[in-house]
Amino acid sequence: MKLNQLKYFLKIAELGSVSAASRQLYIAQPALSHQVAALEKELEVELFIRSVKGVQLTAAGEKLFHHAGL
């Protein structure tokens, strides 16, 4: 797990939106999505439930969010 991937995950979880997080982090949305997908692949879990209205944390995402110290 790379530190920037964790930072991206936390920002998306905080805002509930990949596009909003991409604007705040000054990173293109496709690049941000790619980093999150790489993190999910490495951890072998889905971290978000994605919908047109945004994202929600899965149970695994909740655990990671809380273990990250927030």
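Trainee: Which residues of helix 3 are buried?

Mentor: In helix 3, the buried residues are L32, V36, L39 and E40. Buried stands for under 20% relative accessible area, exposed for over 50%, and partly exposed for what lies in between, with a 1.4 Å probe and protein chains only. Helices (H or I, at least four residues) and strands (E, at least two) are DSSP runs, numbered from the N terminus. Keep in mind that this is a predicted model, where local features need pLDDT of at least 70, side-chain atom pairs count only at pLDDT 80 or more, and totals for chains, interfaces and linings use all residues. Residues are numbered from 1 along each chain as its sequence is written, and side-chain values use heavy atoms, with hydrogens and water left out.

Trainee: Why do the buried residues line one face of helix 3?

Mentor: The general idea first: an α-helix has 3.6 residues a turn, so residues three or four places apart point the same way. Here, the buried residues of helix 3 fall within an arc of 100 degrees when seen down the axis, so they line one face. The arc is that of the directions from the helix axis to the C-beta atoms. On the other side of helix 3, you find P30, H34 and K41 exposed.

Trainee: What do the buried residues of helix 3 pack against?

Mentor: They pack against helix 1 (3-15), helix 2 (18-25), strand 1 (48-51) and helix 4 (59-67). Contact here means heavy atoms within 4.5 Å.

Trainee: How do I judge the span of helix 3?

Mentor: The expected span of a helix is 1.5 Å times one less than its number of residues. Helix 3 (residues 29-43) has 15 residues, and its first and last C-alpha atoms are 21 Å apart, close to the expected 21 Å.

Trainee: How should I describe a pair of packed helices?

Mentor: Two packed helices are described by the angle between their axes and the distance between the axes. The axes are lines fitted to C-alpha atoms, for helices over the stretch in contact, and angles run from 0 to 180 degrees between N-to-C directions.

Trainee: At what angle do the axes of helix 1 and helix 3 cross?

Mentor: They cross at roughly 110 degrees and come within 9 Å. That makes helix 1 roughly perpendicular to helix 3; under 35 degrees counts as roughly parallel, over 145 as roughly antiparallel, 65 to 115 as roughly perpendicular and the rest as oblique. N4, Q5, Y8, F9 and I12 in helix 1 meet L32, Q35, V36, A38, L39 and E42 in helix 3. By class, this contact has 7 nonpolar, 3 polar and 1 charged residues. Ala, Val, Leu, Ile, Met, Phe, Trp, Tyr, Cys and Pro count as nonpolar, Asp, Glu, Lys and Arg as charged, and the others, Gly among them, as polar.

Trainee: Is Q5 buried or exposed?

Mentor: Q5 counts as buried, at 5% relative accessibility. Not counting residues up to four places away in sequence, Q5 touches Q35, A38, L39 and E42.

Trainee: And where does helix 2 meet helix 3?

Mentor: V18, S19, A21, S22 and L25 in helix 2 meet Q29, L32 and S33 in helix 3. The contact has 4 nonpolar, 4 polar and no charged residues. The axes of helix 2 and helix 3 come within 9 Å and cross at roughly 110 degrees, which makes helix 2 roughly perpendicular to helix 3.

Trainee: Which residues of helix 4 are buried, then?

Mentor: G61, L64 and F65 are buried in helix 4. They cover an arc of only 100 degrees around the axis, which puts them on the same side of helix 4. The face turned away from that buried side carries the exposed residues A59, K63 and H67. Helix 1, helix 3 and strand 2 (54-57) are among what covers the buried residues of helix 4.

Trainee: What is L43 in contact with?

Mentor: Leaving aside neighbours within four places in sequence, L43 is in contact with M1 and L64. L43 and M1 are 42 residues apart in sequence, and their C-alpha atoms are 8.2 Å apart in space. L43 counts as partly exposed, at 31% relative accessibility.

Trainee: What follows helix 3?

Mentor: Most residues other than glycine have a negative phi, and most peptide bonds are trans. Helix 3 is followed by E44, whose phi is positive, near 60 degrees. E44 is exposed, with a relative accessible area of 70%.
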